Amino acid sequence: MLLKRPSSEELFEFISIPQELSWLKRNKIALQIRLDSKLNAQVEKLRDTWTSYFKPEPDVMDSVMRVYSKLRSDET
């Protein structure tokens, strides 16, 4: 039996709000991802994009202050 490939919207729901999907739909999508390497790669890319939105920004001020401090100590 061939399963219909999940839409982009279904994949996004699977990654972002899996708890909102029914048990059957979640497992169906997970099975399709395991069986289809192209779909698996698409999901990994989508997952990386999704998690990158929630990564904290690097602390730039700390780096700037270290450089400033070093410049001041070199100046004296």
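**Packing and buried residues**

Q: Where is Gln-32 found?
A: Gln-32 is in helix H2. Keep in mind that this is a predicted model.

Q: Is Gln-32 buried or exposed?
A: Buried. Its relative accessible area is 7%, and the cut-off for buried is under 20%.

Q: What lies 2.5 Å from a polar atom of the Gln-32 side chain?
A: The backbone oxygen of Lys-4.

Q: And which residues is Gln-32 in contact with, leaving aside neighbours within four places in sequence?
A: Leu-3, Lys-4, Arg-5, Pro-6 and Leu-39.

Q: Switching to the helices. At what angle do H1 and H2 pack?
A: About 105°, with the axes 11 Å apart. H1 covers residues 8–16 and H2 covers residues 23–35.

Q: What makes up the largest nonpolar core?
A: It has 9 residues in all: Leu-11, Phe-14, Ile-15, Leu-21, Ile-29, Ala-30, Ile-33, Leu-39 and Val-43.

Q: Which elements give two or more residues to this core?
A: H1, H2 and helix H3, which spans 37–52. As background, nonpolar side chains tend to be buried together in soluble globular proteins.

Q: Take Leu-11. What is it in contact with, leaving aside neighbours within four places in sequence?
A: Pro-6, Ile-29, Ile-33, Leu-39, Gln-42, Val-43 and Leu-46. Leu-11 is also one of the H1 residues that meet H2.

Q: Which residues of H1 are buried?
A: Leu-11, Phe-14, Ile-15 and Ser-16. What covers the buried residues of H1 includes H2 and H3.

Q: Why does Ser-16 count as buried?
A: Because its relative accessibility is 18%, and buried means under 20%.

Q: What about its side chain? Which backbone oxygen lies 2.7 Å from a polar atom of it?
A: The backbone oxygen of Phe-12. Ser-16 has its place in helix H1.

Conventions. Residues are numbered from 1 along each chain as its sequence is written. This is a predicted model: local features need pLDDT of at least 70, side-chain atom pairs count only at pLDDT 80 or more; totals for chains, interfaces and linings use all residues. Side-chain values use heavy atoms; hydrogens and water are left out. Axes are lines fitted to C-alpha atoms, for helices over the stretch in contact, and angles run from 0 to 180 degrees between N-to-C directions. Helices (H or I, at least four residues) and strands (E, at least two) are DSSP runs, numbered from the N terminus. Contact means heavy atoms within 4.5 Å. Buried means under 20% relative accessible area, exposed over 50%, partly exposed in between (1.4 Å probe, protein chains only). A polar contact is a pair of N or O atoms within 3.5 Å; within protein, one must be able to donate a hydrogen and the other to accept it, and residues adjacent in sequence count only if both atoms are side-chain atoms. A nonpolar core is a set of buried Ala, Val, Leu, Ile, Met, Phe, Trp, Tyr and Cys residues joined through side-chain atoms within 4.5 Å.
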